[in-house]
Amino acid sequence: MRWMSINQVGVQIIRLVVQLAMARILEPRAFGLMVMALVVLSFLEILRGFGTGMAVVQRDHVDQGLLSSVFFFNLGLGVAITGLLALLAPLVSAGYGDSALTPVLQVIGLSLFVLSAGDLQQWLLRRDLRFAPVAAANIIGTLVNGVSSIVLGVLGAGVWSLVVGNVAGYTMTTVIVWFASPWRPNAHFSFTDIRQLLGFSANLSAFNVFNFFLLNGDKIIVGRFLGAGPLGFYGMAQRVLMYPVTSVLTSLQEVMFAGLSRIKDDHAEVRRIYFRACAVCAMLCFPAMAVLAVVADNLVHVVLGEQWDPLVPLIQILAPIGGIQAVSFSTGTIFESQGRTDLYLRWGIFSGLLMLGSYFAGLPWGTNGVAAAYGIVIILLLPPGFIIPFRLINARISELFQSIWPYLWTTLVTAALTAVVQYGATLAGLPAAANLVGSVAAGGACYVGLMAVLRPDALQDLRRFAGVGRPSAPAAQAQSNQNDVSQALPQSG
């Protein structure tokens with residue numbers, strides 16, 4: 001867990017710094033074009049991987065023939081989808097109503113081929129709980145992406161600085177995982193091998209398609225009906241808010257999936273680890289989102305500049321939702337680790353259709369309306385979104401509430417104090433920068449102080465998560481794998 005924490009924190013810090021730097025260099029329209037391209041890329045990424053890598057991790061036993069078949073299957077899909085995107089880019093651009101998107105899609109599509117070449121190597125490293133090389137590959141790749149983008153942006157490359165940086169970063173990541181992974185494919189391919197994985201991977205990929213529209217339908221609709229400029233603001237707001245959430249959630253989920261898949265039949269242990277992980281997410285993300293919402297005005301003016309003013313209401317609307325999602329999005333780990341991707345798919349279809357309807361409902365009120373509609377539906381979906389997966393492990397919502405309650409009330413206290421300090425600084429006529437620093441410092445000190453006094457379980461859990469290293473041998477037995485996960489959290493009692 002330590003390495004995945006380093007991975008996520010390192011990657012997200014680099015991305016955040018690069019985004020803030022590029023916001024000073026590029027116009028919002030350039031970011032809007034990039035968001036359009038990344039939405040398309042994200043959708044094709046689902047089809048490219050087809051869930052085979054995760055299926056390999058979930059299986060108890062794999063052999064060289066199966067792995068070689070998966071590698072060439074992924075590589076073939078990557079080549080085919082990259083070529084298809086190059087051919088269909090004009091049609092996709094016409095759908096968005098912006099012809100400037102065509103060459104952007106044709107170039108950034110190269111990322112799909114590059115990712116295909118190293119996808120299985122990354123999943124095998126995760127399967128063996130070798131998270132250190134995965135972290136190194138992602139951090140170095142993100143750094144290459146960021147440096148390339150900033151240099152090209154300063155040189156006046158516009159949106160192409162983001163496009164080239166994206167391809168360069170993924171290329172570096174793939175090169176590193178190839179050096180880190182000892183596995184190499186044989187000249188073998190069999191559809192029979194691929195069919196062994198389809199029960200898991202097909203359902204997972206189908207769910208991911210619906211989940212894609214759940215997560216990206218708003219950006220598609222904003223880009224199509226409101227244009228690249230408003231999409232630039234909307235996309236930037238989501239990036240700023242989701243960086244802290246993603247830093248915590250992704251690192252936990254990657255380790256939890258690999259570990260919980262090995263102990264999936266021990267529901268009591270799965271529940272214990274899951275709820276303690278939710279508590280860690282809540283402890284870190286609740287206060288971050290609350291403080292961001294309170295200081296949004298000063299944050300945007302000081303860090304990004306006046307050209308980004310439309311971000312302020314978007315951050316204020318979406319920040320509380322980001323805190324909720326820090327916990328709610330973790331339920332996917334339960335579906336996947338229990339092998340119930342079929343149920344995951346059905347839930348994805350239902351929730352995805354509701355989300356798509358909400359985006360259109362909010363469209364008449366612009367980006368703020370879309371954000372508000374998104375938030376309302378996320379809240380309405382919370383009860384069934386927890387109840388359905390909880391039945392798989394005999395869990396109760398009351399257990400979840402009990403695990404996150406200490407961080408909910410301390411966050412509310414922190415947000416209130418931050419708002420009071422900000423209001424006082426405004427009355428005193430302090431500059432926006434001083435107001436921002438003082439407000440954030442007061443809120444941070446308040447929350448840290450409360451945690452020091454209360455000493456909740458999640459504080460100890462966070463230290464244990466960050467301290468878990470890789471097992472002594474990649475081929476550890478199932479019981480050893482259970483111990484590796486269990487050591488991340490202390491026993492209850």
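Axes are lines fitted to C-alpha atoms, for helices over the stretch in contact, and angles run from 0 to 180 degrees between N-to-C directions. The model is predicted; local features need pLDDT of at least 70, side-chain atom pairs count only at pLDDT 80 or more, and totals for chains, interfaces and linings use all residues. Residues are numbered from 1 along each chain as its sequence is written, and side-chain values use heavy atoms, with hydrogens and water left out.

Helices are DSSP runs (H or I, at least four residues), numbered from the N terminus. The axes of helix α11 (residues 267–294) and helix α18 (residues 397–427) cross at roughly 15° and come within 8 Å. The two helices α11 and α18 are therefore roughly parallel (angles under 35 degrees). The crossing of α11 past α18 is right-handed (the near helix is turned clockwise from the far one by less than a right angle).

Contact means heavy atoms within 4.5 Å. On the α11 side, the residues that meet α18 include F275, M283 and F286. Their counterparts in α18 include L400, Y407 and T411. By class, this contact of α11 with α18 has 16 nonpolar, 5 polar and 2 charged residues. Ala, Val, Leu, Ile, Met, Phe, Trp, Tyr, Cys and Pro count as nonpolar, Asp, Glu, Lys and Arg as charged, and the others, Gly among them, as polar.

A separate site is S351. S351 lies in helix α15 (residues 341–362). S351 counts as buried because its relative accessibility is 3% (buried means under 20% relative accessible area, 1.4 Å probe, protein chains only). Its side chain reaches the backbone oxygen of W347 at 2.9 Å. Leaving aside neighbours within four places in sequence, S351 is in contact with L214 and L381.

Note on methods: Buried means under 20% relative accessible area, exposed over 50%, partly exposed in between (1.4 Å probe, protein chains only). A polar contact is a pair of N or O atoms within 3.5 Å; within protein, one must be able to donate a hydrogen and the other to accept it, and residues adjacent in sequence count only if both atoms are side-chain atoms. Angles under 35 degrees count as roughly parallel, over 145 as roughly antiparallel, 65 to 115 as roughly perpendicular and the rest as oblique.
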